[in-house]
Amino acid sequence: MTVQRYALFLGCNVPVRNLGYELAARRVAAALELELVDLPGFRCCGYPLKALDSYAALLVAAHNLCQAEAANLPIVTLCNACSGTLTEADLELKEDGALRERVNQDLARVDLHYQGTTRVRHFLRALDSEIGWEAIRSRISRPLDKLHIAVHYGCHYFRPTRVFHSYGVEPREDAEAPAALDRLVAATGATSVSYDGKNDCCGGGLMALRPDLARDQAGRKVIEVQRAGADALLVACPTCGLNFSNSQPDDQELTILYFPQLLGLALGLDPDELGLELNQIPADGVREKLGV
């Protein structure tokens, strides 16, 4: 396995609302001999600004790209929106010379200059495309063959598809038939469970404006996952995880896991190291099945 170093871009959501996700990602990376480097110059990715001022959002994203360039590191993110925003900004700046010149004029005020020498990828994408599941499978010491897992990708993992395809993301990542999380589940020894509405949005984009609709949308998916008999729902996005955790039916709870937590269990890591106790929904059923 090739040892890789990445600049870890946490964004705003993960360090505040999804500490278990961050802990698990750091422990899994260490177990796989990947080095995640914290860069103090990272800021918000710019996503919340896009609807109000697209240039301001681009400038914020470019500031972050410059931090990674200065450290000579590629970026990995844990958030779908951060991944999409930074990827789109990097692509725009590489393709549009006039826009790049304007951004660099503004970045010069803080002694930064975008050069286009870094790359952006979601942590799941780095594991899936760069490390590879065959290499990871060789590290599995606790096969999860007793677990049935449903997966949810989140809209921004693949979209806008034009951006990711132009950026050189592997063609096998089809937004209409995603499989990266299913491959992760298979690598752990667990069974990936199919369910109605698997590729539907979680509703997280409505959380600020119409929390009732966001809860309804996520709640419908939770019910379908429960009907399919899954032990847990696996997610790759902090916003999706938060919305699912807040949209549980009254009579029962569905465990929500972040993908490094499931992988960490299969790698034989202690559940306490993976932040399971920090998740909003207890993972007691999963732990009981695994005897950990």
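Student: How many nonpolar, polar and charged residues does the lining of the largest pocket have, by class?

Tutor: The lining has 17 nonpolar, seven polar and one charged residues. Ala, Val, Leu, Ile, Met, Phe, Trp, Tyr, Cys and Pro count as nonpolar, Asp, Glu, Lys and Arg as charged, and the others, Gly among them, as polar. The model is predicted: local features need pLDDT of at least 70, side-chain atom pairs count only at pLDDT 80 or more, and totals for chains, interfaces and linings use all residues. Residues are numbered from 1 along each chain as its sequence is written, and side-chain values use heavy atoms, with hydrogens and water left out.

Student: What makes a set of points a pocket or a cavity?

Tutor: On a 1 Å grid over the protein atoms alone, a cavity is a set of points where a 1.4 Å probe fits but cannot get out; a pocket is an open set with protein on both sides within 12 Å along at least five of seven lines, and lining residues have an atom within 4 Å of a point. Of the 25 residues lining the largest pocket, Tyr47, Ala81, Gly204, Gly205 and Thr239 lie nearest its centre. Helix H4 (80–95) and H11 are the elements that give two or more residues to that lining.

Student: What volume does the largest cavity have?

Tutor: Its volume is about 90 Å³, whereas the largest pocket has about 640 Å³. A volume is the space filled by probe spheres set on the points, which are joined across faces, edges and corners. The residues lining the largest cavity include His152, Tyr153, Arg159 and Asp200.

Student: Why is one side of strand E6 and of strand E8 left without a neighbour in the sheet?

Tutor: The open sheet has the order E6-E5-E7-E8, with parallel pairing. Strands E6 (191–192) and E8 (255–258) stand at the edges with a single partner strand each, so one side of each has no neighbour in the sheet. Strands are DSSP runs (E, at least two residues), as are helices (H or I, at least four), numbered from the N terminus.

Notes: Two strands pair if DSSP finds at least two bridges between them.
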